[in-house]
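Please open the model in your viewer and keep the selection tool handy. We will take it one stop at a time.

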Amino acid sequence: MSHFDPNRRRLLHAATGMLAAGALPASVAAAPAGARTPAAGPLTRPIPSSGERLPAIGMGTWITFNVGDNPDALAVRRQILDAFFDAGGGIIDSSPMYGSAEAVLGRTLPADAHERGLFAATKVWTRDGDAGPDEIETSRRLWDLPGFDLLQVHNLLAWDAHLETLKAMRADGRVRYIGITTSHGRRHRDLEQIMEQEPIDFVQLTYNVIDREAERRLLPLARERGIAVIANRPYRGGDLPDRGAGRPLPGWGAEIGCETWPQALLTFIVSHPAVTCAIPATSRVDHMRENMAAARGPLPDAALRQRIAADFAAL
Amino acid sequence: MDWLGYSPADLVPFSGETWLALLARYNEDHLPAVIAGMALGLVLLRLTAGRSPRLLRPVLALLGLCWLWISWTFLHQALGTLLWAADWLAWAFAVQGALLLLCAGLPYTGAMTPRPRLGSPLRYPPPAWWLLATAVLLWPVLELAVGRVWTALGWFGTGPDATAAGTLAVAAMTPGRRAWLLLPVPVLWCLVSSAMLGVFEAPLWWLPLVAPLLVGPLSWLERRGAQDPVRLPPSA
C-alpha cells in the first residue's frame, strides 16, 4: 500500500474541489426549475472542520463485503472497488461489527487506492473502553493500510471512553478525523447531546427518502456545529430500490440527471445541504456504476425534494 | 447496545448467498465427515427403532460427538469468519455435546423389554422416530426441492439444522427428566436458524421450527405409548 500522506491527500482533494468548482457550466442561471447548481463530474462536499472535499457518493460494506474467503466473491469485490474508484469514489466505511468485511477490504483494495482517492473510515466497536486502541490496530492490519482517515464510535457503544481515545489519536496525528455513528433512528437524543458538547468532525446517521427524522434537529445541528454528515442506510438495506424497481421516474428525473430510482434516492439524500456523503452498499458491479452516476446533474432544491419524497411514497 | 431495538435483519451481517456459499464450502472441505454424519444418522435410526432404553446410550454419545464437531468445525471455524456471535453459538453447541455425552454415561432403568405383541403400537418405531427420520433422510430432500444447490444442503450429523431437529427427536424418545436438559440448545438453534432464514427470505425458513413444535407432543405420545398393558410372555 502507498505511504499515507495526509497533506498530499488534502492537497489532492482541494485541487479536485477547485477543479469541480471551476468547471461549473455557464448555464447555471438556465438550470431547470426545481434544480440547483449542476455538478460537473462527481459531486463533492466540504468536510466542515478542514474544508477538504469528499465525493458525495461513498460506499458502505455492511453485509455486502462480509464474504469470508470465497474466491469468486472476492473477485467481484475487486471489480466493485475498481468501478468505485474509476467513478471518483472516496469514502469507504466499515466496522469490526461487519464480520469479515475489513479483511475482505484488505484483500481487495487496489494497491493504489489512496492515489485513486480512498478515504478510509472504520469504527471502534467494543464494550470495553480500554480495548479501543487494540481493536483499531486490528482493523488497520485487516485493511492493510498505514492508517485511517476517519475513526468513529460505532452506535455510541462506550462512546465516552472511545471518544477520548479518538481525540488523543487525532491530537497525535494518528487519525485525521473522528466521529460517532448511529443507525435506524436510534439514540438521536444522545447523539444530539454529543454533537453539542464534543469536538467531533463527523456524525453518521440514517437518512433517506423515508427516514427523515434527522431533518428536524440533527442535520441543522450538524450545520450549526460544523460537523460533516454521513448518511447510512440510504436504501434501507435494499428495500427502497426494490419498491421503485421497474418504475419510471417522473419528469423531474431528467431535470436532475437521474435515470433510475436508486440514483434519485441517492441524489435526494446528498442534496440536503447538511449531508456530506451517502454510503450505499452493494455486491454488484452494475449497481456500483449506477450508484456512482447519481448526483451528477443539477441537485433538487427544497421544493423538488418534497416532490421526490411524495412521489416515492406514492409508489 | 440496545438489543431490543434490533430486528433479526440487523443482526445477520451477511447475505443469503454468502450463507449458501459458506455451506457449500464447508460440505466440500469436510466431505468425509458429511458422509460419516449421514451414515451415523442411519445407524441412529436403526438403534432407536426398537425402543430399547439400553441402546439410547450409544445414540446419545454419537449425537454428542456430532454437536462437538459442529461446534468447532462449522460454528467456530467456518461461521466465525462471518458472524461475531458465532463463538457464543459454538460454546452453546459444545455444552450440548457435553450434555449428550453426560446423559450417555448415565444408566437407564428398564432392561430389554419383552417384544410387544403383533398389533401393539410398541412394535413400531416410536412417534419421535419419524421426526428423526425426517431430519436424517428428508431434510436435504426438502431443501433440494425448493431449489437449493445440492452442494449447500444441510446434512444430518454435520449440518446444524438437521442435527438439532434430530436431537429433539431423540430427546423426545429419552425417558426421564434428563431429556429436559437436552432441549434448550437445539430449540434455541432452531429459532435462530429460522430467524436467519427468514431474513434471507428462504422458502424453508419455517422448517427448523417444526422440531421444537413437535417435541412436546411427541414426548407425551412416547411416554403414553410406553404403557402397553398387554405383553407377550418371554417365551413367545
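Select Leu75(B) and show what surrounds it: beyond its neighbours within four places in sequence, Leu75(B) is in contact with Ile70(B), Gly80(B), Ala86(B), Leu89(B), Ala90(B) and Phe93(B). Here two residues are in contact if their C-beta atoms, placed from the backbone, lie within 7 Å. Before you colour anything else, note that this is a predicted model, in which local features need pLDDT of at least 70, side-chain atom pairs count only at pLDDT 80 or more, and totals for chains, interfaces and linings use all residues. Residues are numbered from 1 along each chain as its sequence is written, while chains are lettered from A and ligands numbered from 1 in the order in which they are written.

Is Leu75(B) buried or exposed? Leu75(B) counts as buried because 23 C-beta neighbours lie inside 10 Å. The cut-offs, with C-beta atoms placed from the backbone, are 20 or more other C-beta atoms within 10 Å for buried, 12 or fewer for exposed, and partly exposed in between. Leu75(B) sits in helix H4 (residues 56–78) of chain B.

Now zoom out to the whole of chain B. Chain B has 10 helices and zero strands; helices (H or I, at least four residues) and strands (E, at least two) are DSSP runs, numbered from the N terminus. Of the 236 residues in chain B, 40% are buried. Among contacts in chain B with a separation of 6 or more, 74% join residues 24 or more positions apart.

Next, show both chains and look at where they touch. The contact takes 16 residues from chain A and 15 residues from chain B. On the side of chain A that touches chain B there are seven nonpolar, eight polar and one charged residues. In this scheme Ala, Val, Leu, Ile, Met, Phe, Trp, Tyr, Cys and Pro are nonpolar, Asp, Glu, Lys and Arg are charged, and the others, Gly among them, are polar.

Move on to chain A and its open sheet of eight strands, ordered E4-E5-E6-E7-E8-E9-E10-E11 with parallel pairing. Strands pair if DSSP finds at least two bridges between them. The edge strands are E4 (59–60) and E11 (277–278) of chain A, each pairing on one side only.

Then select strand E7 (residues 148–153) of chain A. Six of its six residues are buried, so E7(A) is largely enclosed by the rest of the structure. Four bridges join E7(A) to strand E6 (residues 119–124) of chain A in parallel, with Gln152(A) as the partner of Lys123(A). Five parallel bridges link E7(A) to strand E8 (residues 175–181) of chain A, and there Phe148(A) partners Val175(A). From E7(A) the chain passes through helix H5 (residues 159–171) of chain A to E8(A) in a right-handed β-α-β crossover. Right-handed means that, with the strands pointing away from the viewer, the path from the first strand over the helix to the second runs clockwise.

Last stop: select His188(A), Leu191(A), Glu192(A) and Met195(A) in H6(A), which meet Leu218(A), Leu221(A), Ala222(A) and Arg225(A) in H7(A). These residues divide into five nonpolar, one polar and two charged.
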